[in-house]
Amino acid sequence: MSGVLRSGSSSWRRAATLVLAAGWAHPGPGAPALPPLPNEGFRLLLLQRSSQQGFMPGAHVFPGGVVDAADGSDEWLRLFAPHHGPPRFGLGSPPPSRTTFPVLPAAGPDTAAEDRAGLPDDVAFRICAIRETFEEAGVLLLRPRASPPPAAPEPGRALPPPAGLAAWRARVRRDPRDFLRLCAHLDCTPDIWALHDWSVWLTPFSRRGGRRFDTTFFLCCLRDPPPVYPDLEEVVGSQWSSPLEATESFISKEIWMAPPQFYEIRRLENFASLSDLHKFCLDHVLEGVERWMPILLLTADGQISLLPGDELYLEDSNFLENLLSTEKKTEEIMKEGKKFHRVVIYSRHVYSIHVTVQSKYKHVYPKTYVINKSHL
């Protein structure tokens, strides 16, 4: 499960990320003192990475990390029994399987789902996202073993922090196998049923030898925000922000987000309430998700992150390890085109999103978002 995929000079690692959306109508005592949101709005958990991290230092991100072999261990089978087991562990019908660009080399027999006796990827990746959320934020998304998930799930709640939170987190950070031991100690299973497939992002090529990840994004709706305890190692801060608040914090340079996180924040702006977002996730469960590898186009004065469907996007394996470039300025490129699915990167804190294509598989795309020229 923790195997490395190789393509040309790049080493790809599988990862899982969790977008936590919490209702703010009645935030509990552990929630930060933030103004109420209209129309049953929601806020998203953003974590600030340490400036000492080698990948995206200082960035605000959703919780997540690299999938470990322990996340797919067959030792989980006895914890999920007797209520849930192979092949789907109560997750319902599988989404359609689609081959999309790019096709990465197989991970090898030690990690391929069909060659190991452990959990299927869609279960193991959910466990990874839940484990990483505990490690980084101290939030436990577990369900008591005696309480199977309802047929029509509603937004849930995180489990209260266990006694000895710091000690358990330290153990799990040292050895991910201890997350299973924590769950067994609490007589719980990871609440994999609360996590909805959302998107898959592959790190674009930017330079030789750079870190690259094949990252599955899940979304989880919670009735109210749980207390957050940054680990102060990998994560040094946290905040709950609505999509609009996160956008404003980014533009004002209070926080920095990479283009995929900014895109997802803008996508979530489409939903007026937590109930709307939760209903969308339930209705969308059989549609599957899109899997994207952005291609970077270097212009004379900036960058454009091209996404599938854009008229300049090329489904060419050459761009697994190469950039596009032009001597034209960004505005010249923008005036020439009509079919857009791109993030225009003017500077570190100035992005615009241009979307004129229709979404696939009944998902939603963000609305076009053009930065005010005063920021340029």
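The following legends describe close-up views of a predicted model.

**View 1. Helix 6 and its burial.** Helix 6 spans residues 259-268 and is mostly covered, with 10 of its 10 residues buried. The covered residues begin with Pro259 and Pro260 and continue through Gln261, Phe262, Tyr263, Glu264, Ile265, Arg266, Arg267 and Leu268.

**View 2. The hairpin of strand 15 and strand 16.** Strand 15 (residues 341-347) and strand 16 run antiparallel and are joined by six bridges. Two residues lie between the strands of this hairpin. Within the pairing, His341 stands opposite Val355 of strand 16.

**View 3. The two faces of strand 16.** Strand 16 covers residues 350-355, and because six of its six residues are buried, the strand is largely enclosed by the rest of the structure. In a regular strand the side chains alternate between the two faces of the sheet. One side of strand 16 carries Val350, Ser352 and His354, and the other carries Tyr351, Ile353 and Val355; both faces are covered.

**View 4. Cysteines without a disulfide.** The structure contains zero disulfides. A disulfide would require two cysteine sulfur atoms within 2.5 Å. For Cys183, the closest cysteine sulfur belongs to Cys188 and lies 7.1 Å away, which is too far for a bond. Cys183 is buried, and its relative accessible area is 0%. For Cys281, the closest cysteine sulfur is that of Cys221, at 5.1 Å, and this distance is also too far for a bond. Cys281 counts as buried as well, with 5% relative accessibility.

**View 5. The salt bridge between Arg43 and Glu245.** The side chains of Arg43 and Glu245 meet in a salt bridge with an N to O distance of 2.7 Å. Distant parts of the chain are linked by this pair: Arg43 belongs to strand 3 (residues 42-49) and Glu245 to helix 5 (residues 243-251), 202 residues apart. Arg43 counts as buried at 0% relative accessibility, whereas Glu245 counts as partly exposed at 23%. The structure has a count of 25 salt bridges.

**View 6. The salt bridge between Arg131 and Asp71.** Arg131 and Asp71 form a salt bridge through their side chains, at 2.8 Å from N to O. The partners are 60 residues apart and link distant parts of the chain, with Arg131 in helix 2 (residues 121-137) and Asp71 in the loop between strand 5 (64-66) and helix 1 (76-80). Arg131 is buried at 2% relative accessibility, and Asp71 is buried with a relative accessible area of 1%.

**View 7. The salt bridge between Arg88 and Asp122.** In the salt bridge of Arg88 with Asp122, the closest N and O atoms are 2.1 Å apart. Arg88 lies in the loop between helix 1 and helix 2, and Asp122 lies in helix 2, so the pair ties together parts that are 34 residues apart in sequence. Arg88 counts as buried at 17% relative accessibility, while Asp122 is partly exposed, with a relative accessible area of 23%.

View 8. Side chains of opposite charge can pair when their charged atoms come close.

How values were computed:
Residues are numbered from 1 along each chain as its sequence is written. This is a predicted model: local features need pLDDT of at least 70, side-chain atom pairs count only at pLDDT 80 or more; totals for chains, interfaces and linings use all residues. Side-chain values use heavy atoms; hydrogens and water are left out. Buried means under 20% relative accessible area, exposed over 50%, partly exposed in between (1.4 Å probe, protein chains only). Helices (H or I, at least four residues) and strands (E, at least two) are DSSP runs, numbered from the N terminus. Two strands pair if DSSP finds at least two bridges between them. A salt bridge is a side-chain nitrogen of Lys or Arg within 4 Å of a carboxyl oxygen of Asp or Glu.
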